[in-house]
Amino acid sequence: WTYRRARRIIAVSTPIERRLIERDGVPPERVTLIPNAVIPASGNPPDLADTLPDGWLERPLVGVVARLQPEKGVATFLKAAAHVSKISPEARFLVVGDGPLREELLDLVGRVGLRERVHFLGYRVDAQRLIGLLDVLVVPSLTEGSPLIVLEAMAAGVPVVASAVGGIPDQVRHGEEGVLVPPDDPNALAGALDALLEDPALARRLGEAGRRRTENEFSHEALVRRIEAIYRAALSGETAQEEDAREPEVPSAR
């Protein structure tokens, strides 16, 4: 009902654009792809010296920031951490977030022998600023749309290891800003983490590439300009193709 009446529809990822056209029957000329954007975190990362066990901030720190629900794949992350710990015993792992799987995941940590190497921080309102403390952010989702957490890590210069699902491949190019792995594959995830932990220079290169890409392609200012252009096109009756053919407007100095 909504699609039939909308002059223009914005898709935030390539898979959603494809679904709108191929599955939902929206005419291609009414669909425009505009990816999500990110505003970099302000201020320094919070001080967790009194929250984490002694010495954790001096060790390689790998983390996941997610609701503790099945589709977020946190169990896959913990199974991968068990593999990584055998090769990089100095690594430590953070889980930021809360949800219905918390107790089940805590039990899994005990069963894979990671009680001294995994810390659950629970829900944090400063989660975006916490990302800056990590050496690697993991997004092990089984399904996704276009997650902001990926862009927040890239904006912070933190390399990303993520499942190649949903709109994530639009955000992270494999081997350029991060590493993409199949979903629900602890061995593949562990291999990607091992590669970055064993080669800090590579991790830094990926992180810096991610920071540059967010500045160039995923800035909030660029998002606002693109959406304003969609509104103008809808009001003037332009199609998406006609709008794309126009030269982009120079942003005002306001």
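**Figure 1. Val96 and its bridge partner in S5.** Val96 has Gly122 of S5 as its bridge partner. The model shown here and in every other view is predicted. S4 and S5 are joined by four bridges and pair in the parallel sense. Of the five residues of S5, four are buried, so the rest of the structure largely encloses this strand.

**Figure 2. The open sheet of six strands.** The strand order is S5-S4-S3-S6-S7-S8, and the pairing is parallel. Strand S5 (118-122) and strand S8 (178-181) form the edges. Each has a single partner strand, so one side of each lacks a neighbour in the sheet. On average, and with direction ignored, neighbouring strands are turned by 20° against each other. Strands of a sheet pair through backbone hydrogen bonds, in either a parallel or an antiparallel manner.

**Figure 3. Strand S6 between S3 and S7.** S3 pairs with S6 over three bridges, in the parallel sense. Here Val64 has Val138 of S6 as its bridge partner. On the other pairing shown, S6 meets S7, again parallel and over three bridges. Leu137 stands opposite Val160 in S7. Val139 has Ala162 of S7 as its bridge partner. Both faces of S6 are covered. Val136 and Val138 are buried on one side, and Leu137 and Val139 are buried on the other. In a regular strand the side chains alternate between the two faces of the sheet.

Figure 4. S7 spans residues 160-163 and runs parallel to S8, with four bridges joining the two. Ala162 stands opposite Leu180 in S8. Ala162 is also the bridge partner of Val139. S7 is covered on both faces. Val160 and Ala162 are buried on one side, with Val161 and Ser163 buried on the other.

**Figure 5. Helix H3 across four strands.** H3 covers residues 74-87. The helix lies across strand S3 (61-65), strand S4 (92-96), S5 and strand S6 (136-139). H3 runs at about 170° to S4.

Figure 6. Ser88 sits in the loop between H3 and S4. Its relative accessible area is 4%, so Ser88 is buried. The cut-off for buried is under 20%. Leaving aside residues up to four places away in sequence, Ser88 touches Asp194 and Leu197.

**Figure 7. Asp184, a residue with positive phi.** Asp184 lies in the loop between S8 and helix H8 (186-198). Its phi is positive, at about 55°, although Asp184 is not a glycine. With a relative accessible area of 53%, Asp184 is exposed. The cut-off for exposed is over 50%.

**Figure 8. Packing of helices H6 and H9.** Helix H6 (residues 148-155) packs on helix H9 (residues 200-217) at an angle of about 110°. Their axes are 7 Å apart. That angle makes H6 roughly perpendicular to H9. H6 contributes Leu151, Met154 and Ala155 to the contact. H9 contributes Gly207, Gly210, Arg211, Arg213 and Thr214. By type, the residues of this contact are three nonpolar, three polar and two charged.

**Figure 9. Glu217 of H9 and Asn36.** Glu217 belongs to helix H9. At 32% relative accessibility, Glu217 is partly exposed. Glu217 and Asn36 are 181 residues apart in sequence. In space, their C-alpha atoms are 9.7 Å apart.

**Figure 10. Thr32 and its polar contact with Arg8.** Thr32 is part of strand S2 (residues 31-33). Its relative accessibility is 8%, so Thr32 counts as buried. The side chain of Thr32 makes a polar contact with the side chain of Arg8, at 2.8 Å.

Key
Residues are numbered from 1 along each chain as its sequence is written. This is a predicted model: local features need pLDDT of at least 70, side-chain atom pairs count only at pLDDT 80 or more; totals for chains, interfaces and linings use all residues. Side-chain values use heavy atoms; hydrogens and water are left out. Buried means under 20% relative accessible area, exposed over 50%, partly exposed in between (1.4 Å probe, protein chains only). A polar contact is a pair of N or O atoms within 3.5 Å; within protein, one must be able to donate a hydrogen and the other to accept it, and residues adjacent in sequence count only if both atoms are side-chain atoms. Axes are lines fitted to C-alpha atoms, for helices over the stretch in contact, and angles run from 0 to 180 degrees between N-to-C directions. Angles under 35 degrees count as roughly parallel, over 145 as roughly antiparallel, 65 to 115 as roughly perpendicular and the rest as oblique. Contact means heavy atoms within 4.5 Å. Ala, Val, Leu, Ile, Met, Phe, Trp, Tyr, Cys and Pro count as nonpolar, Asp, Glu, Lys and Arg as charged, and the others, Gly among them, as polar. Two strands pair if DSSP finds at least two bridges between them.
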